[in-house]
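Please look through the sequence and the model shown here. A short report on them follows.

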Amino acid sequence: MIRPSEVLFGFLDEDAKKEIRRALLKAVALPGYIVPFASREMPIARGWGTGGLQVSLSIITEKDTLKVIDQGCDGSVNAVNIRDFISSVTGVPETEDTTKASIIQTRHRVPEHQLTEGQIIVYQVPYPEVLDSVEPDTARQKEMHANNDYAKLWVLLYEDTSQFGDSRMASGYPVAVNDHYVMDPSPIPKFDIAKLNNSQALHLFGAGREKRIYAIPPYTKVAPLTFNDRPFQVEQFPGKACERCGCRDVFLDEVHLDDGVHYFCSDTFHCDTVLNTRGEGHAA
Amino acid sequence: MSYVAIKGGAEAIRRSKRFFQEELASAAGISEDALQHGLRFACDRVMGEGALYSEKLAAEAVRRSGGDLLEAAFYLRAHRSTCQRVGEAPILDSSTARILRRISAAFKDVEGGQILGPSCDYVIRLLKTMRRSGAQNAWPDAAQPIFVPSALNFLREANRVIRLDNTEKSPFDITRFSPLPPYPRSAVMQTMARGETGSLLAFAYTSMRGYGDVHPTIGDLRLATAPLYFTHPFTGKQVQIGEMRLTACETAGSFQRDRRDGKVRLSVGYGFCFGYNETKAIAMSILDLAMSHATFSVGKHNLAANPEMIIHHVDGIASMGFTNHFKLPHYVTFQADLQVFRQAEQHDQAK
């Protein structure tokens, strides 16, 4: 897509980008630490990815290749809308190919393909503050982070585990970053948490409505909060495989149709890749 | 197979947008004058919540959004992000603004008198009595411009009003920095001035009944027009760059012991917004009163006295956007929820 000449590259003015980049640098320097930023109003609504969008627009250059996914899917309506907007104000090429993208903006998933050095993944974040569920006061939250005091969070995990066998936090499960700050990894399933640990890529998190930015730099230890005698349990699909590509070791969408329950890959690019590879195999 | 249903979003979005625009096509026939003047309270509300003083753009936003005022305010906010910050204008004093309407509920007679101006307060709300008039609907200024000080001024001059400490050298700009606790008063006031009318109203209402200890008396409520000045970039002199219609409200609360010298004085709250929106200005003044003078309280139930509660929850653009985002797909998170739910069921059965 070609950017109209009257639109600023990346939509935001340079002052806004500079401020966001400085917040990003601070966030990268303090893995898992939440950095406030002004957060401009965007032409898409608050809560629809304005944080991720501002981060993407502040870091994107003419040389980048952009991928945007929602629920793992490039074709999901909001992903399409955001990708169209970013390319209309930057003119950068788009891709669905996880391996070819230099910037991936995502909501609720980490792609199945392993991310590599030089790639940046930008998360849209609804609730940046992991302590919100146990302590709503901003000043006290800051104090608790500073003191590495996550006792209330541990108590919540304990209470859930004792009553229900496991934490009720299904997505956005709290993780300790670099053995220090505990952060909300955005509402990705527990299945995706392992992909954050020691990742080669840079992970940036933007919460537009809540005006917060945080980051996980490459090769950083990320561990979910778990009790020593309770192994971390991720979502499982025993006996199920994607009905399209046959994959088993991926996160599956459960689809309820007239003829019963079906399972498909949540990551549509990964699904396409597996199908294509198999197609080539047959042709050879 | 419905797998492909989640793809093809681009075409669906394009058509949905067109459908929406076609549904509102007749709004194009409403004249700008009719919107700006005939629907002035809609436009004013949009200017205030959109945090941009432009009658023309507000009218256009009301048209484009089909009268959905939250949506219209959102247009102005998004437009605002494309504007460069020029600088700070000198303080605008609402007590020296040209009056259209000024009332005080605190005193029967006040300096400058009670000026009802245009008001729907005493309109009998019966639809059948509505008459259409072909008369022009712009409100003329009074023959002689009226300037009156705030009806609470004489109390202030007699040092009978609590004056809050001001330690801020210049006002906080919430559009350039995200305020952190302890929140500067200017940041809280700005947040409220851009706040959604209904949200401010609801929180203010909690403090009037049941969950607060504010017993407000409207000391001075005014609709006025104030000149706006700015420092000329070349000459360095202050020049008038325009005028602004505004609503301002000073509300008196109970007397309290002044922290500075221990004497009893009256607590006062202030509310302000762009254009004419009396409900919002009154609600804001009550919230300012509750937050700035939170000595008497009903403990932790005093919602409106907690800046943490107000500052994060009154912005219409944020709360509307977030509430509506629940329309977006949540397949993955709900799938994860269901898995944990099933595990909990199994955990119960195993007991």
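Which residues does A:L24 touch, not counting residues up to four places away in sequence? A:L24 touches A:V55, A:L204, A:I213 and A:A215, where two residues are in contact if their C-beta atoms, placed from the backbone, lie within 7 Å.

This is a predicted model, in which local features need pLDDT of at least 70, side-chain atom pairs count only at pLDDT 80 or more, and totals for chains, interfaces and linings use all residues. Residues are numbered from 1 along each chain as its sequence is written, while chains are lettered from A and ligands numbered from 1 in the order in which they are written.

**Nonpolar cores**

A:L24 and A:I213 are among the residues with the most contacts inside the largest nonpolar core, which has 128 residues. B:V46, B:V62, B:L287 and B:I310 are also named in that group. A nonpolar core is a set of buried Ala, Val, Leu, Ile, Met, Phe, Trp, Tyr and Cys residues joined through C-beta atoms within 7 Å. A residue is buried if 20 or more other C-beta atoms lie within 10 Å of its own, exposed if 12 or fewer, and partly exposed in between, with C-beta atoms placed from the backbone. Helix 9 (residues 278-292) of chain B gives the largest share of this core, 9 residues. Another core, of 8 residues, lies apart from it and includes A:F191, A:C242, A:L252 and A:F264. In soluble globular proteins, nonpolar side chains tend to be buried together.

**A sheet in chain A**

Helices (H or I, at least four residues) and strands (E, at least two) are DSSP runs, numbered from the N terminus. Chain A has an open sheet of 3 strands in the order 6-5-9, with antiparallel pairing; two strands pair if DSSP finds at least two bridges between them. Strand 6 (182-183) and strand 9 (222-224) of chain A are the edge strands, each pairing on one side only. Strand 5 (residues 175-177) of chain A is joined to strand 9 of chain A by 3 bridges, and A:V177 stands opposite A:V222 in strand 9 of chain A.

**Where the chains meet**

The contact between the chains takes 47 residues from chain A and 41 residues from chain B. On the side of chain A that touches chain B, helix 3 (77-90), helix 4 (138-146) and strand 10 (252-257) of chain A each supply at least two residues.

**Chain B and its domains**

Chain B holds 12 helices and 4 strands, and buried residues make up 37% of its 351 residues. Its mean pLDDT (the predictor's confidence in each residue, from 0 to 100) is 90, and 92% of its residues reach 70 or more.

The domain bounds below come from an automatic or database domain assignment.

| Domain of chain B | Residues |
|---|---|
| Domain 1 | residues 10-80 |
| Domain 2 | residues 94-314 |
| Domain 3 | residues 325-351 |

The C-alpha centres of domain 1 and domain 2 of chain B lie 26 Å apart. In chain B, 12 residues of domain 1 are in contact with 12 residues of domain 2. Helix 3 of chain B supplies the largest share of the domain 1 side, 8 residues.
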